Amino acid sequence: ISCATAPLAVGELVTSSTALDTLAEVRREGAKSQVLLKEILPHVVELAQDSEGTRFLQAKLETANTAERKDVFEALLPKVEVLAGDAAGSAVVQKLLDICTPDQRKAIVEKFRGTV
């Protein structure tokens with residue numbers, strides 16, 4: 001069994017029991033979870049579409065350092081259009097827009113160019 005290092009697609013099976021425990025804690029504790037961003041990075045898209053996961057991500061992004069924010073941004077950017085149309089995901093996209101750099105904000109806007 002190999003562990004994926006890229007973010008999982010929505011609905012893709014998480015095979016590691018450690019990953020399952022971590023995701024369960026985030027879903028149980030939400031914004032209060034002590035899980036680190038780097039621990040959930042492979043599952044950040046999935047969490048962004050989960051009601052407790054989105055609370056967790058918003059809280060963690062608020063206090064994240066520049067490198068952590070960049071990692072989350074890079075993981076979410078390919079799916080930002082889908083997330084923006086999702087009830088939970090749209091809150092994470094808004095948080096990204098609030099805290100990202102001007103270049104990152106431009107990259108998000110470019111994803112929507114011609115679709116709005």
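Modeller: Let us begin with a definition: a residue is called buried when its relative accessible area is under 20%, exposed when that area is over 50%, and partly exposed in between, using a 1.4 Å probe and protein chains only. This is a predicted model, in which local features need pLDDT of at least 70 and side-chain atom pairs count only at pLDDT 80 or more, while totals for chains, interfaces and linings use all residues. Residues are numbered from 1 along each chain as its sequence is written, and side-chain values use heavy atoms, with hydrogens and water left out.

Colleague: What share of the residues of the protein chain counts as buried?

Modeller: The share is taken over the 116 residues of the protein chain. With the cut-off of under 20% relative accessible area, the buried share comes to 37%.

Colleague: How many helices and how many strands are there in the protein chain?

Modeller: Helices (H or I, at least four residues) and strands (E, at least two) are DSSP runs, numbered from the N terminus. Read along the sequence, the pattern is α-α-α-α-α-α-α-α. The counts are therefore eight helices and zero strands.

Colleague: Which residues touch the most other members of the largest nonpolar core?

Modeller: A nonpolar core is a set of buried Ala, Val, Leu, Ile, Met, Phe, Trp, Tyr and Cys residues joined through side-chain atoms within 4.5 Å. The largest one has 26 residues, and the elements that give two or more residues to this core include H1 (17-29), H4 (51-63) and H7 (89-99). The members that touch the most others are Leu37, Ile40, Val44, Phe56, Leu57, Leu76 and Ile108.

Colleague: Which residues is Phe56 in contact with, leaving aside its neighbours within four places in sequence?

Modeller: Contact means heavy atoms within 4.5 Å. The C-alpha atoms of Phe56 and Glu29 are separated by 8.1 Å, although the two are 27 residues apart along the chain. Beyond its sequence neighbours, Phe56 is in contact with Val26, Gly30, Ala31, Ser33, Val35, Leu37 and Ile40.

Colleague: Is Glu29 buried, exposed or partly exposed?

Modeller: The place of Glu29 is in helix H1, and its relative accessibility is 33%.

Colleague: Where in H7 do the buried residues lie, on the same side or on opposite sides?

Modeller: The buried residues of H7 are Gly89, Val92, Val93, Lys95, Leu96 and Ile99. They cover an arc, which is that of the directions from the helix axis to the C-beta atoms, of only 160° around the axis. They pack against H3, H4, H5, H6 and helix H8 (102-112).

Colleague: Are H4 and H7 roughly parallel or roughly antiparallel?

Modeller: Axes are lines fitted to C-alpha atoms, for helices over the stretch in contact, and angles run from 0 to 180 degrees between N-to-C directions. Angles under 35 degrees count as roughly parallel, over 145 as roughly antiparallel, 65 to 115 as roughly perpendicular and the rest as oblique. The axes of H4 and H7 come within 9 Å and cross at roughly 10°. That angle makes H4 and H7 roughly parallel.

Colleague: Which residues of H4 and H7 make the contact?

Modeller: One of them, Thr54, is found in helix H4 and is buried, with a relative accessible area of 6%. Apart from residues up to four places away in sequence, Thr54 touches Leu47, Ala48, Ala88, Ala91 and Val92. The contact is made by Thr54, Leu57, Gln58, Leu61 and Glu62 of H4 and by Ala91, Val92, Lys95, Leu96 and Ile99 of H7.

Colleague: Is Gln34 buried or exposed?

Modeller: Gln34 is found in the loop between H1 and H2. Leaving aside its neighbours within four places in sequence, Gln34 is in contact with Glu25 and Lys60. At 63% relative accessibility, Gln34 counts as exposed.
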